[in-house]
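This report describes a single protein chain.

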Amino acid sequence: QVQLVESGGGLVQTGGSLRLSCAASGRTFSRYTMGWFRQAPGKEREFVADISWNSAITYYADSVKGRSTISRDNAKNTVYLQMNSLKPEDTAVYYCAAKTLSDNEFLYWGQGTQVTVSS
């Protein structure tokens with residue numbers, strides 16, 4: 001099992017940047033596929049990006065592709081989401097999530113960090 005704690009959210013102006021971090025507990029972090037999701041007020045939670053255990057494979061939602069980069073440091077048990085050219089529609093609570101290769105879905109979730117983009 002893994003516990004996840006996000007940080008790095010905040011208030012930023014349109015066009016600005018933020019880097020979110022997600023620190024994971026446990027010694028098996030490198031076994032997990034890590035992902036970022038977000039939930040805006042009144043909307044369902046949506047996928048943002050994910051990264052394989054060895055960073056070889058990444059996927060992005062079309063809404064953030066070209067503006068965001070997911071990365072991980074297995075030595076630090078941390079996954080990152082660098083977000084650039086932020087837009088008001090990026091405003092949401094961002095969640096970090098984890099799953100193993102045998103899981104069909106992300107099973108482990110952090111508490112979330114708020115990102116607010118002002119226009």
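## The nonpolar core

The largest nonpolar core has 28 residues, and those touching the most other members are Leu-4, Met-34, Trp-36, Val-79, Leu-81, Met-83 and Tyr-94. A nonpolar core here is a set of buried Ala, Val, Leu, Ile, Met, Phe, Trp, Tyr and Cys residues joined through side-chain atoms within 4.5 Å. Two or more residues come from each of β3, β4, β5, β8 (78-83), β9 (92-99) and β11 (113-118). Strands are DSSP runs of E with at least two residues, helices are runs of H or I with at least four, and both are numbered from the N terminus.

Met-83 is in contact (heavy atoms within 4.5 Å) with Gly-16, Ser-17, Leu-18, Leu-20, Arg-67, Ser-68, Tyr-94 and Val-115, leaving aside neighbours within four places in sequence.

## Basis of the model

The model is predicted: local features need pLDDT of at least 70, side-chain atom pairs count only at pLDDT 80 or more, and totals for chains, interfaces and linings use all residues. Residues are numbered from 1 along each chain as its sequence is written, and side-chain values use heavy atoms, with hydrogens and water left out.

## Aromatic pairs

The whole structure holds four aromatic pairs. Rings of Phe, Tyr and Trp (its six-membered ring) pair if their centres lie within 6.5 Å; planes under 30 degrees apart count as stacked, over 60 as edge-to-face and the rest as tilted. Tyr-32 and Tyr-108 form an edge-to-face pair, because their ring centres are 5.9 Å apart and their planes stand at 90 degrees. This pair links distant parts of the chain. Tyr-32 lies in the loop between β3 (18-24) and β4 (33-39), and Tyr-108 lies in strand β10 (residues 108-109), 76 residues apart. Tyr-32 has a relative accessible area of 5%, so this residue is buried. Buried means under 20% relative accessible area, exposed over 50%, and partly exposed in between (1.4 Å probe, protein chains only).

Phe-37 and Phe-47 are also edge-to-face, with centres 5.7 Å apart and planes at 75 degrees. Phe-37 is in strand β4 and Phe-47 in strand β5 (residues 46-51), 10 residues apart. Phe-37 is buried at 12%, whereas Phe-47 is partly exposed at 28%. Ring pairs join Phe-37, Phe-47, Phe-106 and Trp-109 into a cluster.

## Charges over rings

Two residues place a charged end over a ring. That calls for NZ of Lys or CZ of Arg within 6 Å of the ring centre and within 35 degrees of the ring normal. Arg-45 sits over Tyr-95, 5.3 Å from the ring centre. Lys-99 sits over Phe-106, 4.8 Å from the ring centre.

Thr-33 contacts both Lys-99 and Phe-106. Its other contacts beyond four places in sequence include Asp-50, Trp-53 and Arg-72. Thr-33 is in strand β4 and is buried, with a relative accessible area of 12%.

## The whole chain

The chain has zero helices and 11 strands. Buried residues make up 44% of its 119 residues. Among contacts between residues at least 6 apart in sequence, 55% join residues at least 24 apart.

The C-alpha atoms fill a box of roughly 40 × 25 × 25 Å along the principal axes. The accessible surface is about 6500 Å², of which 46% belongs to carbon and sulfur atoms. Accessible areas come from the Shrake-Rupley method with a 1.4 Å probe; for residues, only the protein chains shown count as cover.
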